[in-house]
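The following briefing concerns the structure displayed below.

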Amino acid sequence: MKSLEERVIKKIDSMKMKPLPRSRFIIKNILFLIGFLIFFFVGAISISVIFYVLTDGAEFYEINNSLFVFLNVIPYFWLIITLIFLSIAYFNSKKIDNSYRYLTLKNVLLTLLMCLFFGIILHSIGIASIIEEGLASTS
């Protein structure tokens with residue numbers, strides 16, 4: 001009886017399989033990291049603008065109903081990007097080396113909390129007012 005190793009090698013040779021280059025996986029991980037950083041910064045900026053509009057920028061808007069203001073203030077683009085990115089991150093995290101060691105839900109919540117934290121920092125140093133006034137002047 002042939003050993004398992006010999007059978008696997010024979011099957012690989014018969015199917016003419018070739019290994020994928022290592023650079024392909026490195027590029028995929030780098031692109032994933034770049035996407036994460038873009039998501040993170042867009043999320044932090046969006047949260048800072050939301051805080052600005054709800055606190056300091058409220059005098060520019062008529063506030064009749066807080067739910068109406070809340071729905072008008074939320075950047076839908078960021079929410080859609082968040083859902084897409086979190087879905088991709090969830091499915092890709094299963095394929096990353098040693099991912100079994102980390103809880104995916106814990107990482108998602110940690111990322112969202114970090115976006116909230118840095119959004120508050122951006123709001124406190126005044127970045128949100130610059131962005132909101134720039135967007136208001138262009139519209």
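Phe40, Phe41, Phe117 and Phe118 are joined into a cluster by ring pairs. Rings of Phe, Tyr and Trp (its six-membered ring) pair if their centres lie within 6.5 Å; planes under 30 degrees apart are stacked, over 60 edge-to-face and the rest tilted. This is a predicted model, in which local features need pLDDT of at least 70, side-chain atom pairs count only at pLDDT 80 or more, and totals for chains, interfaces and linings use all residues. Residues are numbered from 1 along each chain as its sequence is written, and side-chain values use heavy atoms, with hydrogens and water left out.

**Aromatic pairs**

- The structure holds 3 aromatic pairs.
- Phe40 and Phe118 form an edge-to-face pair, because their ring centres are 5.5 Å apart and their planes stand at 75 degrees.
- This pair links distant parts of the chain, with Phe40 in helix H2 and Phe118 in helix H5 (residues 104-124), 78 residues apart. Helices (H or I, at least four residues) are DSSP runs, numbered from the N terminus.
- Phe117 and Phe118 are also edge-to-face, because their centres are 5.3 Å apart and their planes are at 75 degrees.
- Phe40 is buried at 9% relative accessibility, whereas Phe118 is partly exposed at 36%. Buried means under 20% relative accessible area, exposed over 50%, and partly exposed in between (1.4 Å probe, protein chains only).

**Helix H2**

- Helix H2 has 33 residues and spans 48 Å from its first C-alpha to its last, close to the 48 Å expected at 1.5 Å a residue. The expected span is 1.5 Å times one less than the number of residues.
- Buried residues of H2 include Phe39, Phe40, Gly43, Ala44, Ile47 and Tyr52.

**Nonpolar surface patch**

- Ile26, Ile27, Ile30, Leu31, Ile34 and Ile38 make a nonpolar surface patch of about 560 Å². Patch residues have over 30% relative accessible area and no salt bridge, and nonpolar side chains (Val, Leu, Ile, Met, Phe, Trp, Tyr) are joined within 5 Å. A salt bridge is a side-chain nitrogen of Lys or Arg within 4 Å of a carboxyl oxygen of Asp or Glu.
- Ile34 lies in helix H2 (residues 22-54) and is partly exposed, at 43% relative accessibility.

**Loop residue Lys16**

- Lys16 is found in the loop between helix H1 (4-15) and H2, and is exposed at 71% relative accessible area.
- The phi of Lys16 is near 55 degrees, a positive value in a residue other than glycine.

Technical notes: Patches are made of residues with over 30% relative accessible area and no salt bridge: like charges are joined within 9 Å, nonpolar side chains (Val, Leu, Ile, Met, Phe, Trp, Tyr) within 5 Å. Accessible areas come from the Shrake-Rupley method with a 1.4 Å probe; for residues, only the protein chains shown count as cover. Helices (H or I, at least four residues) and strands (E, at least two) are DSSP runs, numbered from the N terminus.
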